Amino acid sequence: MPSGQVNSKVEEFADSSKAAGSRPARYDRRRPSDPAVSVILPTYNEAENLPILLDRLATILIDIDYEIVIVDDNSPDRTWEIAARYEDSSPRIRSLRRLGERGLSSAVMAGMEVARGRVLAVMDTDLQHDEEALIAIVNPILDGDADVALGSREAEGGSYGEWSKSRRLVSWGGAQMAKRMLGLAVSDPMSGFFAISRERYLAVADQVNPRGFKILLEFLARGEKPRVTEVGYGFRDRVNGATKLTGGVIGNYLVALIDLFAGRLVSATFTAYALVGLMGAVIRFSSLLVMTAFGVQAATLIAFEISVIANYSFNNAFTFAQDRRRGWKAVAGLLPFHMIALHGLMVQAGIAAFAGIETADLWTAPVWVQVVGIGVATTGNFHLNRAITWRRSASVSS
Ligand code: GDD
Ligand code: MN
């Protein structure tokens, strides 16, 4: 059919429906009104957990006009089949089976795209999120008092269950970095238990990077600063099935932080400082390698010294160019810079100790210990150097 003909058919249809009673076009009478709350449940191999959670939600949400959107990525244990059965049994339940895609964040985004609620809530399907906290998370958004509400294991009343020290440290480090880099005073920015308003979703959806596990961070950091509320809850242990959060997730989180951070240019100075630090680390490790190969005494110390001097010079020339130290002051600046570098080492050692690693074994510690340690130390050192080594001259405002 030529397109002109299609258009006239559509117009004809529109005309006839108008004629039927000249109702306001905004109101769609064929569909029940949009629910107050959509609960999005991402699932991957949750066949045992999903029915339990759906039962509990039916009780918890009894006084709320809600829908549930299950998004399964074609789980090998056929969770999608169970989801489809529930969909048939209840008009409140909808399910999506994605065949070509995998990933928690993108599953959540897919669910939000089809969800119709005024509030879009997300929770894990593995029963680790306490569904009793759901109402408290959803309420401030329904009332218009917040744009984002999150379940927090760090806030008052929150707890981690049987999480290992190291996993808690990663979580804590992640929160610290989000706070410093993005200026977000949120205690648990990696939480997978949260709700946002439809307005917030519409405002930032097209900027969200749907990779990895850190979808909440995206809704917090993109666009204008949201009004945020936290609700403490006790994170439960997983009884059925296994976690999908593996080591790569941490790297992913860091990349996301840098991406969000660089994107909003809170401080290009910090980005430059971090890049110089990275360069210094490469210099340190490569000179250490060379010296060790040649059997040089005190190689660790010399490599550290080389990298500190290189970092200092580059920071003086580029990062803090506006407040550059010249002449004898440039030499004198080496003293505070050294002290601060040592402080950074102590921070790194402290973090490693928390993970049960001896200071002597610092350089052979697992990658995540290094990443968290270096990340926290770098952020702290940056502020100290800004305040001490390259104090802003009064005339410079930025
Ligand atoms: N559709 C889909 N696709 N769902 C997924 C995928 C995926 O690729 N990966 C995980 N899920 C679902 C799981 O079935 C579960 O319902 C939920 O997402 C969380 O996955 P888990 O594998 O149980 O994550 P976790 O318990 O280790 O991690 C928790 O803590 C993280 C860090 O604090 C979660 O709450 C995360 O959301 C949180 O980021
Ligand atoms: Mn889990």
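An oxygen atom of ligand 1 sits 2.6 Å from an N or O atom in the side chain of Arg153. The protein covers 98% of the 740 Å² of accessible area that ligand 1 has on its own. This is a predicted model. Elsewhere, Thr389 is buried in its own set of contacts.

**Around ligand 1**

- The shell around ligand 1 holds 25 residues.
- Of these, Glu46, Asp124, Arg153, Thr243 and Lys244 come nearest.
- By class, the shell residues divide into nine nonpolar, seven polar and nine charged.

- Arg102 has a side-chain N or O atom 2.7 Å from an oxygen atom of ligand 1.
- Two elements, strand 1 (37-43) and helix 4 (104-114), are those that give two or more residues to the shell around ligand 1.
- Thr43 uses its backbone: an N or O atom there lies 3.1 Å from a nitrogen atom of ligand 1.

- Asp126 and Gln128 are both buried.

**Gln128 in its loop**

- Gln128 belongs to the loop between strand 4 (119-122) and helix 5 (134-142).
- Why does Gln128 count as buried? Its relative accessibility is 11%, and the cut-off for buried is under 20%.

**Thr389 in helix 14**

- Thr389 is found in helix 14, which spans residues 367-389.
- Thr389 counts as buried because its relative accessible area is 2%.
- Its side chain makes a polar contact of 2.6 Å with the side chain of Asn385.
- Beyond its neighbours within four places in sequence, Thr389 is in contact with Tyr312, Arg325, Gly333, Pro336, Phe337, Ile340 and Leu384.

Key: Residues numbered from 1 in each chain as written. Chains lettered and ligands numbered in written order. Predicted model: local features only at pLDDT ≥ 70, side-chain atom pairs only at ≥ 80, totals over all residues. Heavy atoms only, no water. Near = heavy atom within 4 Å. Polar contact = N/O pair within 3.5 Å; in protein donor to acceptor, adjacent residues only side chain to side chain. Areas by Shrake-Rupley, 256 points an atom, 1.4 Å probe, with all protein chains shown as cover. Helix = DSSP H or I, 4+ residues; strand = E, 2+ residues; numbered from the N terminus. Nonpolar A, V, L, I, M, F, W, Y, C, P; charged D, E, K, R; others polar. Buried < 20%, exposed > 50% of the residue type's maximum accessible area, 1.4 Å probe, protein only. Contact = heavy atoms within 4.5 Å.
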